[in-house]
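Try each one yourself before reading its solution.

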Amino acid sequence: QGGGEAELKNPHHEVATEVLVLQGRPIGEPVAQHGPFVMNTEAEIQQAFEDFDKTQFGGWPWEQEAVVFPRDKGRFALLDGMETRPPP
């Protein structure tokens, strides 16, 4: 509520930074949140976890639950078969 100010500083001046600012009006409904799920009630959160456990929301393409990469691989993103890495 009410306007406020925020100051953002980019410590990496040679690298462009993108910022996404979102705003919205309060919806006047209860909010329950746990992990990646946001619902109105704890019962809905529990149902979301149960649904996820059953379906994996579309499936998981790997044999194991968690894909683990070697620690020395570092951070990367894989999109359309191409790996990209953040600037150093």
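**Exercise 1.** In what order do the elements of the chain run from the N terminus on?

Solution. Keep in mind that this is a predicted model. Start with the tally: the chain has 1 helix and 4 strands. Now put them in order from the N terminus, and you get β-β-α-β-β.

**Exercise 2.** Is the chain a compact globule or more spread out than one?

Solution. Step one: the globule rule gives 12 Å for 88 residues. Step two: the radius of gyration of the chain is 19 Å, well over that value, so the chain is more spread out than a compact globule. For the spans, look along the principal axes, where the C-alpha trace covers about 50 × 45 × 25 Å.

**Exercise 3.** Work out what share of the 88 residues is buried, and what share of the contacts joins residues at least 24 apart.

Solution. Buried residues come to 6% of the 88. For contacts, consider those between residues at least 6 apart in sequence: 2% of them link residues at least 24 apart. As for the surface, the chain has about 9,000 Å² of accessible area, and carbon and sulfur atoms hold 55% of it.

**Exercise 4.** Is valine 21 buried or exposed?

Solution. First find it: valine 21 sits in the segment before β1 (32-34). Next, check the cut-off: exposed means over 50% relative accessible area. Valine 21 has 70% relative accessibility, so it counts as exposed.

Definitions and conventions:
Residues are numbered from 1 along each chain as its sequence is written. This is a predicted model: local features need pLDDT of at least 70, side-chain atom pairs count only at pLDDT 80 or more; totals for chains, interfaces and linings use all residues. Side-chain values use heavy atoms; hydrogens and water are left out. Helices (H or I, at least four residues) and strands (E, at least two) are DSSP runs, numbered from the N terminus. Buried means under 20% relative accessible area, exposed over 50%, partly exposed in between (1.4 Å probe, protein chains only). The radius of gyration is taken over C-alpha atoms; the globule rule is 2.2 Å times the number of residues to the power 0.38. Contact means heavy atoms within 4.5 Å. Accessible areas come from the Shrake-Rupley method with a 1.4 Å probe; for residues, only the protein chains shown count as cover.
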